[in-house]
Amino acid sequence: MHMPSFIQTKRDGRPHDDADLRAFVDGIVSGDIPDYQTAAWLMAVVFQGLSDAETATLASAMTDSGDRLDLSDLPHTVDKHSTGGVGDKTTLILAPLLAELGGTVAKMSGRGLGHTGGTIDKLESIAGFNVTLDEAAFLKQAADVGVVVAGASKRLAPADGKLYALRDATATVKSLPLIASSIMSKKLAGGAKSLVLDVKVGQGAFMKTVPEAVQLGRMMQAIGEREGRNVAVVLTDMDQPLGLAVGNASEVLEAIQVLQGSGPPDVREVVVRLAREVLTQSGLPASERDIRAALDDGRAYARFERWVAAQGGRLTDETSLALSPDTWMLTAPRDGVVANIDALAVGEAVRRLGGGRSRKDDAVDHGVGVDLHVKVGGRTGQGEPLATVRHRGGRGLEDAQRMLAGAFVLDDQAAERPVLLEVS
């Protein structure tokens with residue numbers, strides 16, 4: 001293809017035809033198209049956008065650039081994707097819960113790049129947990145246990161990996177069509193028939209406003225439905241962290257609490273709604289009462305234990321999670337009600353402690369993090385704890401202290417915030 005003409009077409013705001021988009025993706029994977037031309041096209045998309053049809057074709061072409069997992073022999077395959085947030089440990093709870101309620105969760109997940117770890121980082125907090133499985137072992141565990149989560153294969157949607165690396169380096173990440181096609185190319189390659197998308201909204205999320213989150217959700221939903229998938233979209237709040245624990249190992253502990261029938265109410269509320277939506281999409285019985293019962297009576301936790309054991313993990317006691325013993329306490333400067341907790345500042349504090357990454361090859365300290373003692377709307381008194389910081393010998397502690405000092409806003413009164421914003 002003639003790349004200058006392809007770039008000019010989008011620069012001038014004209015649509016691409018399907019054949020040109022697919023040839024472009026093929027050229028990215030083969031290496032025939034140089035990075036500087038791809039980067040120029042990405043910037044043109046940032047300014048001119050892509051139509052729904054173009055976005056769907058781009059997602060399909062990126063999916064077809066590599067392998068697709070064949071899950072057709074597994075019953076009721078379900079999956080979930082979150083657009084990222086602070087304290088988002090829902091996959092750890094949702095995966096065994098869905099398996100216990102009749103779904104099959106065969107999920108490829110990634111490591112986090114940013115303020116906190118991804119699902120794979122959280123799972124690797126568990127001693128012995130193996131996230132590297134070949135396809136045969138992956139599919140066998142899905143059939144035997146009902147749930148398997150492993151590191152994403154480089155053979156799935158390789159075009160997306162190349163495009164994302166360029167987007168990250170050229171300030172072209174923030175484009176809704178590029179975000180939607182990136183996410184959905186990996187979900188389509190993952191093979192699940194039914195999918196729930198948890199689109200985070202707020203200061204700690206990539207989507208800052210409800211309207212842009214709605215637009216992104218509808219784009220992804222349209223891509224999935226065009227490919228014959230059942231897709232639900234849930235918008236959830238990320239103006240404050242989800243739950244109380246932020247940090248890889250501490251989030252695993254909080255997930256276990258929810259699986260055992262307790263834990264923070266907001267985490268439980270999000271998990272129950274996500275479960276209900278994706279089970280409904282897959283045609284399985286999905287009453288809220290049954291979902292809550294599976295959390296409360298121990299069945300979901302028993303499935304979690306089977307899953308962890310199947311992938312070599314050990315959950316004998318808290319030492320299995322290697323939480324850092326070094327702590328520092330942030331206390332309230334006065335009496336008041338918590339009016340705001342800056343989720344992004346909390347997440348960035350965890351990254352400075354070593355719990356997240358600035359570059360893909362950075363090592364992650366699973367045992368550090370921030371545990372909140374209050375949420376928005378909660379009352380506190382002068383000198384009472386707002387957050388406990390787990391650090392490792394003081395690494396990054398001063399930076400984290402500065403960020404957390406401005407993260408909590410106290411007032412004389414404040415309303416609690418809903419965690420569920422919209423469902424479609």
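**Note on the predicted model: strands, ring pairs and salt bridges**

1. Lys 80 stands opposite Val 196 in β4. This is a predicted model, in which local features need pLDDT of at least 70 and side-chain atom pairs count only at pLDDT 80 or more, while totals for chains, interfaces and linings use all residues. Residues are numbered from 1 along each chain as its sequence is written, and side-chain values use heavy atoms, with hydrogens and water left out.

2. The strands β1 and β4 (residues 194-201) run parallel and are joined by five bridges. Strands here are DSSP runs of E with at least two residues, helices are runs of H or I with at least four residues, and both are numbered from the N terminus. Two strands pair if DSSP finds at least two bridges between them.

3. β1 and β4 belong to an open sheet of four strands with the order β1-β4-β5-β13 and mixed pairing. Its edge strands, β1 (78-82) and β13 (420-423), each pair on one side only. On average, neighbouring strands of this sheet are turned by 20° against each other, direction ignored. Axes for such angles are lines fitted to C-alpha atoms (for helices over the stretch in contact), and angles run from 0 to 180 degrees between N-to-C directions.

4. Strand β2 (residues 105-109) has five of its five residues buried, so β2 is largely enclosed by the rest of the structure. Buried means under 20% relative accessible area, exposed means over 50%, and partly exposed is in between (1.4 Å probe, protein chains only). Val 105, Lys 107 and Ser 109 point one way from β2, Ala 106 and Met 108 point the other way, and all are buried. β2 runs parallel to strand β3 (residues 147-151), and five bridges join the two. Within this pairing, Val 105 stands opposite Val 147 in β3.

5. A further open sheet has three strands in the order β10-β8-β12, with antiparallel pairing. The edge strands are β10 (379-380) and β12 (408-411), and each pairs on one side only. Strand β8 (residues 336-341) is joined to β10 by two bridges, and the two strands run antiparallel. The bridge partner of Gly 336 in β10 is Thr 380.

6. There are six aromatic pairs in the structure. The rings of Tyr 301 and Phe 304 count as stacked because their centres are 6.0 Å apart and their planes are at 25°. By the rule used, rings of Phe, Tyr and Trp (its six-membered ring) pair if their centres lie within 6.5 Å; planes under 30 degrees apart are stacked, over 60 edge-to-face, and the rest tilted. Both residues lie in helix α14 (residues 299-310), three residues apart, or about one turn of the helix. Tyr 301 and Phe 304 are both buried. Ring pairs also link Phe 129, Tyr 301, Phe 304 and Trp 307 into a cluster.

7. On the surface, Met 43, Val 46 and Phe 47 form a nonpolar patch with about 280 Å² of accessible area together. Patches are made of residues with over 30% relative accessible area and no salt bridge; like charges are joined within 9 Å, and nonpolar side chains (Val, Leu, Ile, Met, Phe, Trp, Tyr) within 5 Å. The areas come from the Shrake-Rupley method with a 1.4 Å probe, and for residues only the protein chains shown count as cover. Val 46 lies in helix α3 (residues 35-48) and counts as partly exposed at 30% relative accessibility.

8. Side chains of opposite charge can pair when their charged atoms come close. The count comes to 28 salt bridges, with a salt bridge taken as a side-chain nitrogen of Lys or Arg within 4 Å of a carboxyl oxygen of Asp or Glu. One of them joins the side chains of Asp 12 and Arg 11 (3.0 Å, N to O). Asp 12 is partly exposed, at 39% relative accessibility.

9. Lys 186 and Asp 160 form a salt bridge whose closest N and O atoms are 2.8 Å apart. Lys 186 lies in helix α9 (residues 176-190) and Asp 160 in helix α8 (residues 158-169), so the pair ties together parts that are 26 residues apart in sequence. Lys 186 counts as partly exposed at 36% relative accessibility, whereas Asp 160 counts as buried at 5%.

10. Asp 371 forms a salt bridge with Arg 390, with 3.5 Å between the closest N and O atoms. This pair links distant parts of the chain, with Asp 371 in strand β9 (residues 369-372) and Arg 390 in strand β11 (residues 385-391), 19 residues apart. Asp 371 is buried, with a relative accessible area of 19%.
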